[in-house]
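Take a look at the fold below. We will go through its charged pairs, then its nonpolar residues.

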Amino acid sequence: MKNQIDDYYVFCQVAKYGSMKKASERVKLPLSTVSRRIVGLEQGLGVQLFIRSKNKLTLSNQGEKYFQALNKHLEAFVHSLDALHEDSGKLHGKVVISATKQFYLKFMYPYLKDLLKQNPDLSIELKNSHSSTELTEDVDIAVASGELPETNLIARKLIDVPLIFVASHEFRTSYQSEIANGEFNKTPYIGTFSHPTLTVLRRSTEEQFRLKIDCRLTVMDMEMVVVAVLDSLGYAVIPTYIHEDIAAADKVIEIFDDYTISPVRFSLLYRDKNLQTAAQRAVVESIMDGFQK
């Protein structure tokens, strides 16, 4: 047989997602390799599997026949292999997790390091989260914060994280009036790409409201937020576990004393188990077990 079975699997993934780019992310192969395999498969079979246009990739009549005949069997074959690996107790392959660096180190790494030690063929790739509520095609598991949109993904609660408003002493002095009057959007604010909408309670009036603050400076993670706060570029909203790590130096203080932020829920997002590998399922359960302890 001139073409290998994994070439047919790559073909079915391209057909399924309608995109070589998405298929390459799914099968964890470079885009150039996916393209080369599709061309090689077409040459080996002597048929055109896809009709290519500038911005579109669609199955030809022959391609549709191959896809309908092969896809179900190839998916079953892959899942069977995966189950055999799972039964042997050996995990293999790469699992891509989207999470912030600080959340991963604080809450996830302690549980995943043992899984990695026990499974030398398992690898984990951490992608810095730029969206608080999405699971992109190149990610297997994501930590999402705040309210989640309607989705067919599975979402499981990890933890409710308390948040506080913080600033430097110098910044509080410079913006004393705005802070005293609760003028959140008139006071320079530092946030991240994944900053969620907040629910805030004003204690003196018991008024509760939704708050989405306009950023003066948007950075990639909380580490960069803290640096900017220390340089008095603005105030920020940070988790209490980060504040505990820096409060001892007495360089960052709480502000907006009359206001309390409702804790933000962090959830684990992943696809249905039938669409997961054994490695992905093991990582999910390792994370969930850790949070339930």
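**Charged pairs and nonpolar cores**

Arginine 52 is partly exposed, at a relative accessible area of 38%. This is a predicted model, and the value is computed from it. Which residue does arginine 52 pair with in a salt bridge? The partner is glutamate 42, with the closest N and O atoms 3.0 Å apart. Is glutamate 42 buried or exposed? Its relative accessibility is 11%, so glutamate 42 counts as buried, because the cut-off for buried is under 20%.

Side chains of opposite charge can pair when their charged atoms come close. The structure holds eleven salt bridges. One of them joins lysine 16 to glutamate 75, with 3.7 Å between the closest N and O atoms. This pair links distant parts of the chain. Lysine 16 is in helix H1 (residues 5-17) and glutamate 75 is in helix H4, 59 residues apart. Lysine 16 is partly exposed, with a relative accessible area of 40%. Glutamate 75 is buried, at 17%.

Lysine 157 and aspartate 160 also meet through their side chains, at 3.4 Å from N to O. Lysine 157 is partly exposed at 44% relative accessible area; aspartate 160 is partly exposed at 31%. Elsewhere, Asp6, Asp7 and Arg37 are linked in a network of salt bridges.

Now turn to the nonpolar side chains. In soluble globular proteins, they tend to be buried together. How many residues does the largest nonpolar core have? It has 57, and those with the most contacts inside it are Phe103, Met108, Phe165, Leu198, Tyr235 and Leu268. Helix H10 (residues 278-292) gives the most to this core, with seven residues.

Beyond its neighbours within four places in sequence, phenylalanine 103 is in contact with Met108, Val143, Leu158, Ile159, Tyr241, Phe266 and Phe291.

Some nonpolar side chains are on the surface. Ile5, Phe77 and Leu81 form a nonpolar patch there, with about 260 Å² of accessible area together. Leucine 81 is found in helix H4 (residues 61-87). Leucine 81 is partly exposed, with a relative accessible area of 38%.

Note on methods: Residues are numbered from 1 along each chain as its sequence is written. This is a predicted model: local features need pLDDT of at least 70, side-chain atom pairs count only at pLDDT 80 or more; totals for chains, interfaces and linings use all residues. Side-chain values use heavy atoms; hydrogens and water are left out. A nonpolar core is a set of buried Ala, Val, Leu, Ile, Met, Phe, Trp, Tyr and Cys residues joined through side-chain atoms within 4.5 Å. Buried means under 20% relative accessible area, exposed over 50%, partly exposed in between (1.4 Å probe, protein chains only). Helices (H or I, at least four residues) and strands (E, at least two) are DSSP runs, numbered from the N terminus. Contact means heavy atoms within 4.5 Å. Patches are made of residues with over 30% relative accessible area and no salt bridge: like charges are joined within 9 Å, nonpolar side chains (Val, Leu, Ile, Met, Phe, Trp, Tyr) within 5 Å. Accessible areas come from the Shrake-Rupley method with a 1.4 Å probe; for residues, only the protein chains shown count as cover. A salt bridge is a side-chain nitrogen of Lys or Arg within 4 Å of a carboxyl oxygen of Asp or Glu.
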